[in-house]
Amino acid sequence: MKITELEVWKAGLDLSKSVFDLSEKFPANESNGLSFQLRRAVTYIPSNIAAAASRKYGKESLKYLSKAKAFLYETETLLYLAEKLRYINEQELEEIIESLDTSRRLLFGFIKYYKRSSSSTQAG
């Protein structure tokens with residue numbers, strides 16, 4: 001299967017695009033601060049999903065999926081901080097969190113799939 005066919009990867013890519021668009025409105029002095037951290041974190045979500053999908057199940061794949069999960073939570077934290085700093089408003093935060101929650105559900109499902117696949121591969 002191609003990475004471009006994976007819904008979890010597509011959702012991560014869409015989330016990344018939304019975060020990049022949203023961070024465009026941050027103050028100019030944040031280009032190397034919160035904006036940079038947020039863009040870095042969100043970019044690593046689909047990147048680690050792709051790295052996991054390129055492996056044949058097992059612990060290495062789960063390691064990359066775990067990293068994707070960690071970056072998803074980092075992204076969420078940074079978005080809440082952006083709202084507290086008034087770089088984004090509450091409505092913008094709610095909309096991006098909906099997208100993030102979609103990515104989270106798909107990622108958790110993908111992790112379960114990999115865990116099942118890994119255990120059946122090791123058992124067989």
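Predicted model: local features only at pLDDT ≥ 70, side-chain atom pairs only at ≥ 80, totals over all residues.
Which rings does Tyr114 belong with? Ring pairs join Phe110, Tyr113 and Tyr114 into a cluster. A pair of aromatic rings is described by how far apart the centres are and by the angle of the planes. The model has five aromatic pairs. One of them is Phe110 with Tyr113, a stacked pair with 6.1 Å centre to centre and 20° between the planes. Both of these residues sit in helix 4 (residues 90-123), and they are three residues apart, or about one turn of the helix. Tyr113 also pairs with Tyr114, this time edge-to-face, at 5.8 Å centre to centre with 80° between the planes.

| Residue | Relative accessibility | Class |
|---|---|---|
| Phe110 | 11% | buried |
| Tyr113 | 37% | partly exposed |

Phe110 counts as buried because its 11% is under the 20% limit. Tyr113, at 37%, lies between the 20% and 50% limits, so this residue is partly exposed.

Now for rings with a charge over them. Lys63 lies over the face of Tyr64, 5.1 Å from the ring centre.

Helix 3 covers residues 58-84. With 27 residues, helix 3 reaches 40 Å from its first C-alpha to its last, close to the 39 Å expected at 1.5 Å a residue.

What happens to the backbone just after helix 3? There, Arg86 takes a positive phi of about 65°. Most residues other than glycine have a negative phi. Arg86 has the positive value although it is not a glycine. You'll find Arg86 in the loop between helix 3 and helix 4. Is Arg86 buried or exposed? Its relative accessibility is 75%, which is over the 50% cut-off, so Arg86 counts as exposed.

Note on methods
Residues numbered from 1 in each chain as written. Heavy atoms only, no water. Phe/Tyr/Trp six-rings, centres within 6.5 Å; stacked < 30°, edge-to-face > 60°. Helix = DSSP H or I, 4+ residues; strand = E, 2+ residues; numbered from the N terminus. Buried < 20%, exposed > 50% of the residue type's maximum accessible area, 1.4 Å probe, protein only. Lys NZ or Arg CZ within 6 Å of the ring centre and 35° of its normal. Expected span 1.5 Å × (residues − 1).
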